[in-house]
Amino acid sequence: MMNENYNGVEPPKGQIAPKARVESVESLGSKSESRSSLAAHADEKSGDVGQVKFTKNTDDSAVEIGTVDVGFAGMGKEELMKYANDPFWIRLRWTLFVLFWIAWLAMLVIAIVIVVLAPKCPAPAPLEYWQKGVVYSVNPKSFQDSGANQDGKGDLKGIMGRLNHFVHLGVNMISISPIFKTADDEPLYGQDIVNFLEINPSYGQLQDLKDLTAAAKQEGLKVILDLPLNHASSKHAWFTQSIENATGECGDCFVWRDGKNGEPPNNWVSIFGGSAWTFNNVRNKYYYHIYGPDQPDLNLRSAKVKNELKNIARFWLDQGVSGFRLLSVPYLYESENTTLDEPQIPGVTPNSYASLNHMYTKNLDETYNFIGEIRAVLQEFEDKDGDHRVLFVEAEDSEGASAMKYYGDTAKPLADLPVNSKFIRKQAGFTGIQLKNEIVAYLEEVSGVAGWPNWVLGNRDTERMASRLGAKLIDAMAMVQLLLPGTPFTYYGEEIGMEDVAPIDGSVDTCPTGNKLAANSTCNQARSPYQWDSSPNTAGFTNATEPWYPIGDNSDTINAKDQMALTNSYFNIYRELVNLRKQPAVMHGTMNILNVTSEDIFAFSRIRKGAPGYLIVLNLGDKETSVDFSSEPSIPAEAQAVVRSSFAVNETTTKGSKVDTTSVPVGSNEGLVLSFVPQF
């Protein structure tokens, strides 16, 4: 029903919407109120805004709406446009807009400056493949017989057939012992070479080497040749020509001298003992040989000889090899003045190599210069394709400054590294502190010339590491070799724990003394065929009836096939350690020799910010001990076991176990590798 008092007019602006108080008709009807009381009620609280009141009379009911106040509802379009076009507000808006972008750009510039100028971790120096990887040394005669001629001897095709072994191990360089044509098919030392440009027929043909280097490259492997340039065979054509024609082209290819009072020119001694001079009746002079009479020394002061040797290097680089390990390097030159005697060393057996101070026959200045010339030959090939050709030199029995000089310097780099033979001469019985002192001394020498370290545990001319140091130390010494800074050299079979093998007839070949095998050692004892599996008599090395040399009598367990299947074996521990080398802390981190209280313990850490650190602990004693590393600020209270020796039995150091670094248990002759989060 329409209220008769409502006139339909909108309330004026400024009034608010009504707020109603409602009473039902029934409630009104139920009350005994008079019109006057209702009128009085309508006047009640007249100050209240927007009330809706119901009134009732006899005829009808009425709804009365009070004054309505409307709240602010915003500006209209006209008012907005007035401010939008006002010059003051236009200037204000643009001022704020410009200030916003100036502030934003200022913050951006400040952020860039902070990023550029703030101190940051230096990027690690890039490492070459020969620094990051592992060199695996192979005696081709004993690695694998391809079966091409059923002779029971290893060959180049056999090596190529086993490339997957190197890949599986994780090594990236294969160093092959001398493969050149020799006077005797069974050379005693493999260095009586009659032709430096031909391969010994028992190892295959030149094409076999080309195939090997190509196949190795496909697998990411580098092939390096062992190259002896100090001497040749007495049956080499050069030596024959030198004997027959003193004024001919090869007249000075070797070192010839007149005798003195019917005796050799001086007291110089051969490495094998006795005089280093032998008289030749045809030429009526003495010729010099640092090794045996069947291996006369080349005269590198002859222009012809030097050019020939450099061309020999070029020839093999052309076949695809990635560099050389030069053998017998310290003896390349001897004094031109052969009237000089070398000083005697008191108390040493006369006529033995160790009895003289070799100041005129070893590590002469000319030797280092010649290494620089060979380095230049390798550089010729590197300049063509950008692939670095490595140059390793075996500086036997050379230590201190004379050995470090083979690195050269930044102005004139020589060898990438002189092979470190310290561990080769090590016999069982050394303590942790002795090992520490030797390693620290060597690293200080290398650091002094900004060189790159390397670690060698065995080679073809020394007793095998497992026989020298004992089988229990195989894993521990591998941890040292593979996790210290530097390039490790692994002699074939070390990764499975092969030991020396005596010949069937028990005969003993005379071997070099001094820095190599003792006189009563068997030369071939460390050159027995590789033990691939447990096959009786052959160990998977050959399909021939018999191998060229006896197989070790422990091949039923010491063989690659069975050890590959065992998690806790020499082989797989070796592989784990090779993989650990790829970790940033090992590849680029710092190395700290740790101070321990026990003389039996050798420990070091590898640490790099932002990467897991590693703690390597060796116990060289005869009983288990616990080591406390709480004094080392970078090592936390807890670490995790990563690798341990294959024979370890302590349940607290199993792989993955958490180890309390205040009491690290290490068994006798055991090695242990722990990982941890370094504290800085």
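This is a predicted model: local features need pLDDT of at least 70, side-chain atom pairs count only at pLDDT 80 or more; totals for chains, interfaces and linings use all residues.

1. Within helix 14, the buried residues are Gly-432, Leu-435, Lys-436, Ile-439, Tyr-442, Leu-443 and Val-446. Viewed down the helix axis, these buried residues fall within an arc of 140°, so they line one face of helix 14. An α-helix has 3.6 residues a turn, so residues three or four places apart point the same way. On the other side of helix 14, Glu-444 and Gly-448 are exposed.

2. An open sheet of 8 strands has the order 14-13-12-8-5-4-16-15, and its pairing is parallel. Strand 14 (417-418) and strand 15 stand at the edges with a single partner strand each, so one side of each is left without a neighbour in the sheet. Inside this order, strand 12 (residues 323-327) is joined to strand 13 (residues 390-393) by 4 bridges, the two strands running parallel, and Phe-324 has Leu-391 of strand 13 as its bridge partner. Helix 16 lies across strand 15 and strand 16 (487-491), and runs at about 140° to strand 16.

3. The largest nonpolar core has 132 residues, of which Phe-166, Phe-324, Leu-326, Phe-392, Leu-577 and Val-673 touch the most other members. Helix 16 gives the most to this core, with 8 residues. Leaving aside residues up to four places away in sequence, Phe-166 touches Tyr-136, Val-138, Phe-143, Ile-159, Val-171, Ile-174 and Leu-221. A second, separate core of 17 residues includes Val-617, Val-664, Val-666 and Phe-676.

4. Strand 18 deserves a separate look, as 7 of its 7 residues are buried, so it is largely enclosed by the rest of the structure. In a regular strand the side chains alternate between the two faces of the sheet. Both faces of strand 18 are covered, with Ile-601, Ala-603, Ser-605 and Ile-607 buried on one side and Phe-602, Phe-604 and Arg-606 buried on the other.

5. How many bridges pair strand 18 with strand 17, and how many with strand 19? Strand 17 pairs with strand 18 in the antiparallel sense over 4 bridges, and Thr-590 has Ile-607 of strand 18 as its bridge partner. Strand 18 and strand 19 pair, again in the antiparallel sense, over 6 bridges, with Ile-616 in strand 19 as the bridge partner of Phe-604. The hairpin of strand 18 and strand 19 has 5 residues between the strands, and in this hairpin Gly-610 takes a positive phi near 80°.

6. A further open sheet consists of 3 strands in the order 9-11-10, with antiparallel pairing. Strand 9 (256-257) and strand 10 (277-280) are at its edges, each with a single partner strand, so one side of each has no neighbour in the sheet. Strand 10 is joined to strand 11 (residues 285-288) by 4 bridges, and Thr-278 stands opposite Tyr-287 in strand 11.

Definitions and conventions: Residues are numbered from 1 along each chain as its sequence is written. Side-chain values use heavy atoms; hydrogens and water are left out. Buried means under 20% relative accessible area, exposed over 50%, partly exposed in between (1.4 Å probe, protein chains only). The arc is that of the directions from the helix axis to the C-beta atoms. A nonpolar core is a set of buried Ala, Val, Leu, Ile, Met, Phe, Trp, Tyr and Cys residues joined through side-chain atoms within 4.5 Å. Contact means heavy atoms within 4.5 Å. Two strands pair if DSSP finds at least two bridges between them. Axes are lines fitted to C-alpha atoms, for helices over the stretch in contact, and angles run from 0 to 180 degrees between N-to-C directions.
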